[in-house]
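Hello,

Here is the structure for you to look at. My notes follow below it.

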Amino acid sequence: MSENDQFDDPVSDFEIDHDQMTELFEEHVKEGELVVASEILPTGLPIIPLRPRPAFPGIMIPLVLNGQAQVAAMHQAMEHQVQTIGLVMVRDLDKEDDIENLHKVGVAAKIVKVLHSEKNSAHILVNSLERFEIEDIHENDISLYARVRYHFATELSGNAELRAYSMAILSTLKELVQINPLYSEEIKLFLNRSSMDDPGRLADFAANLTSADGQELQEILATIDVRKRIDKVLVLLKKELEVSRLQTKISKQIEDKVSAQQREFFLREQLKAIKNELGLEKEGKDTEIEKFQERLEKLTLNEEAERAVEDEMEKLQLIEPSSPEYNVSRNYLDWLTILPWGVYSKDSYNIDKARKVLARDHYGLEDVKERILEFIAVGKMKGDIAGSILCLVGPPGVGKTSIGHSIAGALGREFFRFSLGGMRDEAEIKGHRRTYIGAMPGKFIQAMKTVGTSNPVIMLDEIDKIGASFQGDPASALLEVLDPEQNGSFRDHYMDVPFDLSNVLFIATANQLDTIPRPLLDRMEMIRLSGYILEEKLQIAKRYLIPKALKSHGLEKGQVTIQKTALRQIIDGYARESGVRNLEKQIKKIMRRSAMAFAEDESLEKVSITRQDLESYLEKPVFTADEIFEGIPGVVTGLAWTSLGGATLQIEATAMRAKAKGFKQTGQLGNVMVESSEIAYSYVMAHMDDFSCDADFFDQHFVHLHVPAGATPKDGPSAGVTMATALVSMITGKRVKKKLGMTGELTLTGRVLPIGGLKEKAIAARRSGLKVLVFPEGNRNDFEDLPDYLKEGLEVHFVKTFNDIYKIVF
């Protein structure tokens, strides 16, 4: 069944004003139609469902009837002499107008006038009379028909308590009228039809006046007791009063804000007009265009960029500033004109100055410094260093980023650094297309804008940690940037014009090369930073880290001193990694504890840290001295390379008598290392006669090879000779020389192949106190290239076959 609409404002919907409604009322009085309700109201009524709110007695309301059933109910009522219908609100607004969905209490209403009537719709004016309660209801043809029992209003004007309640309602209505004058028309209409001395009628009128929810109003309609009804109406009125006050407050705030904005707008427009008349200011668009033209006078753009600027300038002049396209065009021109087209800083190729800058900023790393000086010298001979891409490879904390700063300082160039670690979107490299909202150029164009020159030093940090995702592959996007043959006309997606990056010196940093794509690796020149030995860390701490930590903690020079023996213990026991980052953390921890001591004891002047004090400042040492197990058959020290630098490995071999031979490896060994151990096992088993051993040894023993520490994963081929030596030592019972370490890849024929990371392994050997080292013959040149301070005091043997090792180590 269709819904019907109920209107509280008959003026707007049916053009019936207050005077017309009064005339209708008086007309019915003259005709004698308004008589006592209890005498004329029938007990059977056609029912019209109401939504979204109920009708109240004593109120004249217009109704819009929709649907055949409601129009039929109206006609059925019109056939009766009193022309009365029942108005009952539905329970659920979303359900059909069926019997189950109707409330029990409604209002009987007399049809005063039919304003419009058609087959399926009608507009009527009704005068609601009395409450009723449905006793029985059923469908009559196509409409609803109910037998009802009325609850007639009683005379209560003499009740003093109810009169007081009525006064409270009137007082609240008075406040509502002051806030919202629209209520005054409703009150006038009520006064013409009812008396203020009737508390029940007054309560019904007041409830109908509110904007409360339909179910709340139905609850009031269903409240027959006048005292309880007034209580509920007063609560609704108070809520209505608060809502009206809040609406008034919000409206006033909005009006004040709008008024202030309008006033400011008019004042600004007047000021702009005055300035234009005096020639003090031009239109915003003209100012922008002049700014762009001033920038272009200092730049040297290529032909394509010039055409793009001209086209965009013409476009900008035609676009209104209020257009969204205006900001897009203005931002594009801003980027085009702010880039350093043809602007270069003057390079400094002074070798002595560069050497001093590198020596000032870094201690040690002599081979790296020499390589950088050679690089600058080549630039001096050529006249430029275009097309150069360096990659500094080394463990964390060895100074890769700071070396990039030093190179920029030595050349007199601007420096810009950004990290590639975790980058997954190629738009970070090549920019977004201008069709996207919030589009902007990539990192390289942003770098050009920031530094203001076309030949800066750009550091690409953590290039080995670049990622890839569904948004693209940034490593592939870098191929164009880092290719000297292509980056002379680098085309950013946002700029869409070529920009010359060939004069940029790119310096990448990485901890390892394995994760860098091969095509990208081929475009870069490697410079390895292997790390620092104890003596170098000692000097770095004295010259750089301690003064820096004193300054950052508000301490004066000399207030805190760390004795040399204590510093050595910090390096060896707390910060043994290849870099100095952890060493700096330990020094800062000491400075914090010292600052606490100065704060608590103002009479304290100096703090001196000795080796014995370290545990109170830094707790127990993290590292103990490398335990080189010497004098034990079957135990040999090997040298290994890790991403954090060099390390020593203790390889242990033991054998257990068994009925059948067998071989087992433990220590979290990788596939390559397992294969190396099997090669060593096979080689030793095949050459037992060369070592004067019992040929049946392996047939009668189960051999177990272990590489501590068991929780650390290990892999690589360079432990092959060490494993074979451990097996020979175990079988023969011979002990290897003291303070001996070795590295090298072993083949099945006994040849010793060269390995990588020799410098890191040499540093690890010195740190662990090894004096005799065995390296493959193929690494002789690598060892000779090491600094003298690394080679000093070492007895080094270069071997071609395992037989050479056998002659040396036992």
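P52 sits in the loop that links β2 (44-50) to β3 (60-66); helices (H or I, at least four residues) and strands (E, at least two) are DSSP runs, numbered from the N terminus. The peptide bond from R51 to P52 is cis, with omega near 10 degrees.

This is a predicted model, in which local features need pLDDT of at least 70, side-chain atom pairs count only at pLDDT 80 or more, and totals for chains, interfaces and linings use all residues. Residues are numbered from 1 along each chain as its sequence is written, and side-chain values use heavy atoms, with hydrogens and water left out.

Two phi values also need a look. Most residues other than glycine have a negative phi, and most peptide bonds are trans. Q83 is not a glycine, yet its phi is positive, about 50 degrees. Q83 lies in the loop between α4 (68-79) and β4 (84-89). Q83 is partly exposed, at 23% relative accessible area (buried means under 20%, exposed over 50%, partly exposed in between; 1.4 Å probe, protein chains only).

K739 is not a glycine either, and has a positive phi of about 55 degrees. Its loop runs between α26 (720-732) and β21 (740-742). K739 is partly exposed, with a relative accessible area of 37%.

Now the sheet. Five strands form an open sheet with parallel pairing, in the order β9-β10-β13-β8-β14 (two strands pair if DSSP finds at least two bridges between them). β9 (415-419) and β14 (525-528) are the edge strands, each pairing on one side only. β9 and β10 (residues 457-461) run parallel, joined by five bridges. F416 has I458 in β10 as its bridge partner.

Best wishes
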